[in-house]
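Open the model in your viewer and keep the selection panel at hand. The tour below goes stop by stop: what to select, and what you will find there.

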Amino acid sequence: MGDTLRDLQKRFAGRALAIALVAAFVLVVAGFKPAGKGLVLGALFSVLNFVLIAELIGRRGPGFGWRLGGVALRMALMAVPLVVAIRQPQFGFWGVVAGLFAVPAMILLAQGTGSGKSASRRIQEG
Amino acid sequence: MAIEGADLVKAAAYLGAGIAMGLGAIGPGVGEGITAAKACEAIGHNPNEAGLLTRTMLVGQAVAESTGIYSLVIALLLLFVV
Amino acid sequence: MDMSPETIVAMAAYSGAGICIGFGAIGAAVGEGYTAAEANVAVSRNTEISGDIFKNMLVGQAVAESASIFALVVAILLLFMDFHGAPLIKAAALTGSGLCMGLGALGSGIGSGIPGGQACFGIARQPAAMNRLTTNMLIGSAVCQTPAIFSMVVALLLLFLDFSAMPFQPGWAALIGAGLSTGLASIGSGYGGGTVAGASCEGVARQPLSVGPVTTTMLVGQAVAQTPAIFGLLISFILIFRTVPATESLAPAMALFSAGLCTGLGGIGPGVGNGEAGGGAVRWVARNSAMAADLMRVMLVGQAVSQSTAIYAMVISLVLIFVM
């Protein structure tokens with residue numbers, strides 16, 4: 001991780017959106033159009049949330065109530081696509097749910113394919 | 001719905017049994033875990049005495065377990081005797 | 001005041017959603033607070049790499065708050081799903097659903113903040129081990145989400161299954177008990193899993209060469225710490241799927257409610273204790289890798305003994321369900 005915070009955000013946001021777009025394309029081709037659209041919508045809010053974490057977590061607030069407010073704000077933001085998906089049948093609800101996990105899934109996936117291989121080798125050796 | 005006195009007593013006994021065993025399980029669970037953590041620390045400090053330290057840990061845990069067993073006895077009494 | 005079943009079901013759905021997202025947000029906020037506090041200490045110790053510490057904290061938080069996103073999804077479903085014409089027993093199912101997901105997200109949220117904080121502190125201490133610390137933090141946080149996933153399974157079953165065939169009198173207690181069982185037991189397992197993962201990050205920072213045995217011990221310790229949540233899940237499934245005869249009296253209903261409460265409460269202590277035992281073992285495997293096998297054996301024996309009270313609680317629950 002030799003890059004700046006903005007680089008990291010751009011890289012992770014780009015990768016998460018790319019994975020979501022590819023998955024959505026596959027879903028649309030397979031005939032699940034609402035799920036695909038929902039996935040992209042959810043992934044967009046997942047990325048927005050990831051950017052907001054950096055803005056909110058780093059500031060030294062007065063304490064627990066302030067943090068709870070920050071979490072509540074981000075939860076309220078992520079509730080938006082879920083409510084949209086319930087009101088609008090063109091967005092599949094479970095697609096949106098999957099999309100909301102785009103960033104964490106991408107982080108774990110990158111860890112599993114990248115340095116994870118060497119970690120498992122180390123376990124076998126040690 | 002007709003709820004009579006005897007029914008109410010039985011209901012309270014069942015609830016009491018659940019709470020007794022449930023809350024009674026918290027203390028021993030945490031305590032025995034801390035005992036095991038400290039035993040690991042001791043073995044790390046002094047690997048040659050691993051056998052003795054494991055035995056000591058088990059004795060300590062058995063004593064910590066006693067309140068869990070009291071809870072179990074009380075719960076069984078509430079279920080089958082009351 | 002006259003209340004139709006529809007009003008009561010709607011009230012249960014709204015209060016369930018409130019409990020769910022409330023506990024979920026508290027869990028995420030406590031976890032985030034712990035991570036940020038440790039990160040601040042870390043930055044004050046080693047100001048030059050504050051950027052790396054901050055990035056690690058960000059990545060950790062993104063994974064750690066998955067539990068509260070589960071809670072958000074269940075809360076939105078409770079608020080916006082259509083329950084018109086649902087029988088009165090659905091009110092109990094929805095309350096149980098909200099309780100289960102909220103309590104489960106509380107434990108996982110707090111627990112998965114611990115490896116984040118310890119990894120930030122470890123990076124300040126040992127910047128060369130940064131990649132390994134991030135890896136262990138992410139594995140640990142991901143395993144901490146398991147109890148929240150169990151809770152979500154039970155919460156979604158309670159939301160979507162049709163309980164109109166279940167008689168109201170013992171049924172309401174069985175469904176609320178099912179929610180409490182997995183929800184409460186998940187608190188212990190979530191927190192315990194976090195303790196183990198935090199200790200592994202601390203250990204890798206102390207002795208980066210020990211990462212292999214430390215990670216193995218961490219995974220075994222975390223897996224055993226999930227057992228109380230699995231007991232809770234088992235009791236929840238029995239309570240949800242077992243057919244109960246209709247009754248007029250209160251005692252059978254209270255037996256089912258108490259069964260859920262007992263395994264739930266009884267799982268908290270062993271979950272936390274298993275976490276302590278696993279954390280102690282991981283910490284000393286890092287300092288003394290040659291003893292890894294012995295320490296793992298002592299850890300497993302200690303965890304098994306600490307598990308015994310959860311097993312007593314489950315036995316009492318099974319007696320309450322099948323004998324009473």
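Which salt bridge do the side chains of C:R297 and C:D294 form, and at what N to O distance? They meet at 2.6 Å, N to O. Bear in mind throughout that this is a predicted model.

**Stop 1: helix α11 of chain C**

Select residues 292–322 of chain C, which make up helix α11. C:R297 and C:D294 both lie in it, 3 residues apart, about one turn of the helix. Colour the pair by accessibility. C:R297 is exposed, at 52% relative accessible area. C:D294 is partly exposed, at 25%.

Stay on this helix and move to C:T309, which also sits in α11 of chain C. Is C:T309 buried or exposed? It is buried, with a relative accessible area of 0%. Now show what surrounds C:T309. Its contacts, leaving aside neighbours within four places in sequence, include B:M21, B:P28, B:G29, B:E65 and B:G68 from chain B. C:P270 from chain C is also in contact with C:T309. Draw a distance from the side chain of C:T309 to the backbone oxygen of B:A25: the gap is 3.4 Å.

**Stop 2: where chain B meets chain C**

Show chains B and C together. Of the 2 pairs of chains that touch, this one has the most contacts. Select the contact residues: 44 from chain B and 41 from chain C. The two chains bury about 3400 Å² between them, with 80% of it on carbon and sulfur atoms.

How many salt bridges cross the interface of chain B and chain C? The count is 0. Polar contacts do cross there, in 10 residue pairs with both partners at pLDDT 80 or more. On chain B, pick out α1 (5–45) and α2 (50–80): each supplies at least two residues of the side that touches chain C. The largest share of that side, 28 residues, comes from α1(B). Colour the side of chain B that touches chain C by class, and you get 30 nonpolar, 9 polar and 5 charged residues.

**Stop 3**

Chains A and B do not touch, and their nearest C-alpha atoms are 18 Å apart. The area buried between chain A and chain C is about 3800 Å², and carbon and sulfur atoms give 79% of it.

Look for charged pairs across this interface. Between chain A and chain C there are 3 salt bridges, and 4 residue pairs are in polar contact, both at pLDDT 80 or more. Several helices of chain A supply at least two residues each to the side that touches chain C, among them α1 (5–29) and α2 (33–57). The largest share of that side comes from α3(A), with 12 residues. By class, the side of chain A that touches chain C has 27 nonpolar, 8 polar and 6 charged residues.

**Stop 4: the charged network**

The structure holds 8 salt bridges over all chains. Zoom in on A:R67 and C:E32, a salt bridge whose closest N and O atoms are 3.2 Å apart. The pair crosses between chains, from helix α3 (residues 64–87) of chain A to helix α1 (residues 5–45) of chain C. A:R67 and C:E32 are both buried.

C:E32 forms a salt bridge with A:R74, with the closest N and O atoms 2.7 Å apart. Include C:E65 as well: salt bridges that share partners join A:R67, A:R74, C:E32 and C:E65 into one network.

**Stop 5: helix α2 of chain C**

Select residues 50–64 of chain C, helix α2. C:D52 and C:K55 both lie here, 3 residues apart. Their side chains meet in a salt bridge at 3.5 Å, N to O. C:D52 counts as buried at 18% relative accessibility, and C:K55 counts as buried at 2%.

**Stop 6: the cysteines**

Finish with the cysteine sulfurs. How many disulfides are there over all chains? The count comes to 0. Start at C:C144: the closest cysteine sulfur, in C:C201, is 10 Å away, so it is too far for a bond. C:C144 is buried, at 0% relative accessible area. Then go to C:C262. The closest cysteine sulfur to that of C:C262 is in C:C100, 17 Å away and too far for a bond. C:C262 also counts as buried, at 0% relative accessibility.

How values were computed: Residues are numbered from 1 along each chain as its sequence is written. Chains are lettered from A and ligands numbered from 1 in the order in which they are written. This is a predicted model: local features need pLDDT of at least 70, side-chain atom pairs count only at pLDDT 80 or more; totals for chains, interfaces and linings use all residues. Side-chain values use heavy atoms; hydrogens and water are left out. A disulfide is a pair of cysteine sulfur atoms within 2.5 Å. Buried means under 20% relative accessible area, exposed over 50%, partly exposed in between (1.4 Å probe, protein chains only). Contact means heavy atoms within 4.5 Å. Buried area is the accessible area (1.4 Å probe) that two parts lose on being put together, summed over both. A salt bridge is a side-chain nitrogen of Lys or Arg within 4 Å of a carboxyl oxygen of Asp or Glu. A polar contact is a pair of N or O atoms within 3.5 Å; within protein, one must be able to donate a hydrogen and the other to accept it, and residues adjacent in sequence count only if both atoms are side-chain atoms. Helices (H or I, at least four residues) and strands (E, at least two) are DSSP runs, numbered from the N terminus. Ala, Val, Leu, Ile, Met, Phe, Trp, Tyr, Cys and Pro count as nonpolar, Asp, Glu, Lys and Arg as charged, and the others, Gly among them, as polar.
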